[in-house]
Amino acid sequence: MDCEHAMYRVYEYLDGELTMWRRRAIARHLDECPPCAQGFHFEVELRQIVASKCHEKVPHELRTRIAAALGIEPPPDPGDPA
Ligand SMILES: [Zn+2]
């Protein structure tokens with residue numbers, strides 16, 4: 001699994017939409033790839049902040065700004081129509 005796939009799958013991972021096999025594959029990648037693990041934790045923390053502060057979806061612009069402030073690559077927007 002490469003990094004691009006790993007980060008894309010993180011959203012499904014967090015939403016519980018993956019099979020056990022895929023979840024293990026992602027977990028293994030996060031163990032071996034610090035940049036992806038950082039992005040994963042960013043997403044987890046972001047969701048916790050949103051859940052505690054409000055019930056609205058975080059705009060992609062805000063996610064990008066937070067990622068920039070943290071000095072990491074902004075996560076892909078799963079809600080963005082391709
Ligand atoms: Zn990676």
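In which helix does V10 lie? Select V10: the residue lies in helix α1. Helices, here runs of H or I of at least four residues in DSSP, and strands, runs of E of at least two, are numbered from the N terminus.

Before going further, note what is on the screen. This is a predicted model, in which local features need pLDDT of at least 70, side-chain atom pairs count only at pLDDT 80 or more, and totals for chains, interfaces and linings use all residues. Residues are numbered from 1 along each chain as its sequence is written.

**The whole chain**

Colour the model by pLDDT, the predictor's confidence in each residue, from 0 to 100. The protein has an average of 80, and 87% of the residues score at least 70. Confidence is highest in α2, at 90, and lowest in helix α4 (residues 60–70), at a mean of 79. Now switch to a cartoon view: there are 4 helices and 0 strands, in the order α-α-α-α along the sequence.

Return to V10. Is V10 buried or exposed? V10 is buried, because 23 other C-beta atoms lie within 10 Å. The term buried applies to a residue with 20 or more other C-beta atoms within 10 Å of its own, exposed to one with 12 or fewer, and partly exposed to one in between, with C-beta atoms placed from the backbone. Apart from neighbours within four places in sequence, V10 is in contact with I26, F40 and E43; contact requires that the C-beta atoms of two residues, placed from the backbone, lie within 7 Å. Next, select G39, which is 29 residues from V10 along the chain; their C-alpha atoms are separated by 9.0 Å.

**Helix α1 against helix α3**

Two packed helices are described by the angle between their axes and the distance between the axes. Select residues 3–14 (α1) and 34–53 (α3): they pack at an angle of about 25 degrees, with axes 10 Å apart. Axes are lines fitted to C-alpha atoms, for helices over the stretch in contact, and angles run from 0 to 180 degrees between N-to-C directions. The angle therefore makes α1 roughly parallel to α3. Angles under 35 degrees count as roughly parallel, over 145 as roughly antiparallel, 65 to 115 as roughly perpendicular and the rest as oblique.

Show the side chains of C3, A6, M7, V10 and L14 in α1, which meet P35, C36, G39, F40, E43, V44 and R47 in α3.

**Helix α1 against helix α2**

At what angle do α1 and α2 pack? The angle is about 130 degrees, and the axes are 10 Å apart. This makes α1 oblique to α2. On the α1 side, the contact is made by A6, R9, V10 and Y13; on the α2 side, by R22, R23, I26 and H29.

Select H29, which is placed in helix α2. H29 counts as buried, because 20 C-beta neighbours are inside 10 Å. Leaving aside neighbours within four places in sequence, H29 is in contact with M1, A6 and C36. C3 is 26 residues from H29 in sequence and 8.0 Å away in space, C-alpha to C-alpha.

**Last stop: L46**

Finally, select L46 in helix α3. L46 is partly exposed, because 16 other C-beta atoms lie within 10 Å.
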